[in-house]
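Q: I am new to this structure and would like to be guided through it. Could we take it one topic at a time?

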Amino acid sequence: MHKYERIVYWSPADNAFIAEVPELPGCMADGATAAGAMENAEQVISEWLEIARKRGQKVPEPRENLM
């Protein structure tokens, strides 16, 4: 499991739960349940990282716990 922060919320406009990954710009996934959105986010994070590396972009390190 990737160690990037995820923010999960309900989107009435999409009628789905959305999982956003703040450290990775534009990286988000949806799902019928919060758990589904989290699971889908794992795949999207992998794809985001793969594409960034292929493009030679800097890949951000996961943030430490902010609390």
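This is a predicted model: local features need pLDDT of at least 70, side-chain atom pairs count only at pLDDT 80 or more; totals for chains, interfaces and linings use all residues.

Q: Which residues of β3 are on the covered face, and which on the uncovered one?
A: Ala29 and Gly31 belong to the covered face of β3. Met28 and Asp30 belong to the uncovered face.

Q: Back to the pairing. How many bridges join the strands?
A: Five bridges join β1 to β2, the strand of residues 16-20. Between β2 and β3 there are four bridges, again in the antiparallel sense. In general, strands of a sheet pair through backbone hydrogen bonds, either parallel or antiparallel.

Q: Which residues are bridge partners, for instance of glutamate 20?
A: Glutamate 20 in β2 is the bridge partner of isoleucine 7. On the β3 side, the bridge partner of glutamate 20 is methionine 28.

Q: Isoleucine 7 is interesting. Where does it lie, and how accessible is it?
A: Isoleucine 7 lies in strand β1. Its relative accessibility is 40%, so isoleucine 7 counts as partly exposed.

Q: Which residues form a nonpolar patch with it?
A: Ile7, Tyr9 and Met28 form a nonpolar patch on the surface. Together these residues have about 260 Å² of accessible area.

Q: New topic: charges. How many salt bridges are there?
A: The count comes to four salt bridges. As a general point, side chains of opposite charge can pair when their charged atoms come close.

Q: Which residue pairs with glutamate 5?
A: Arginine 63 forms a salt bridge with glutamate 5, and their closest N and O atoms are 2.8 Å apart. Arginine 63 is in the segment after α1 and glutamate 5 in the segment before β1, so this pair ties together parts that are 58 residues apart in sequence.

Q: Are those two residues buried, exposed or in between? What are the values?
A: Arginine 63 counts as partly exposed, at 40% relative accessibility. Glutamate 5 is partly exposed as well, with a relative accessible area of 32%.

Q: Which other residue meets arginine 63 in a salt bridge?
A: The side chain of arginine 63 also meets that of glutamate 23 in a salt bridge, at 3.5 Å from N to O. Glutamate 23 lies in the loop between β2 and β3 and arginine 63 in the segment after α1, so the pair ties together parts that are 40 residues apart in sequence. Glutamate 23 has a relative accessible area of 11%, under the 20% cut-off, and therefore counts as buried.

Q: What about arginine 6?
A: The side chains of arginine 6 and glutamate 42 meet in a salt bridge of 2.6 Å, N to O. Because arginine 6 lies in the segment before β1 and glutamate 42 in helix α1, the pair ties together parts that are 36 residues apart in sequence. Both arginine 6 and glutamate 42 are buried.

Q: One last topic, the turn between β1 and β2. How many residues are between the strands?
A: β1 and β2 form a hairpin with four residues between them. Serine 11 has alanine 16 of β2 as its bridge partner.

Definitions and conventions
Residues are numbered from 1 along each chain as its sequence is written. Side-chain values use heavy atoms; hydrogens and water are left out. Two strands pair if DSSP finds at least two bridges between them. Helices (H or I, at least four residues) and strands (E, at least two) are DSSP runs, numbered from the N terminus. Buried means under 20% relative accessible area, exposed over 50%, partly exposed in between (1.4 Å probe, protein chains only). Patches are made of residues with over 30% relative accessible area and no salt bridge: like charges are joined within 9 Å, nonpolar side chains (Val, Leu, Ile, Met, Phe, Trp, Tyr) within 5 Å. Accessible areas come from the Shrake-Rupley method with a 1.4 Å probe; for residues, only the protein chains shown count as cover.
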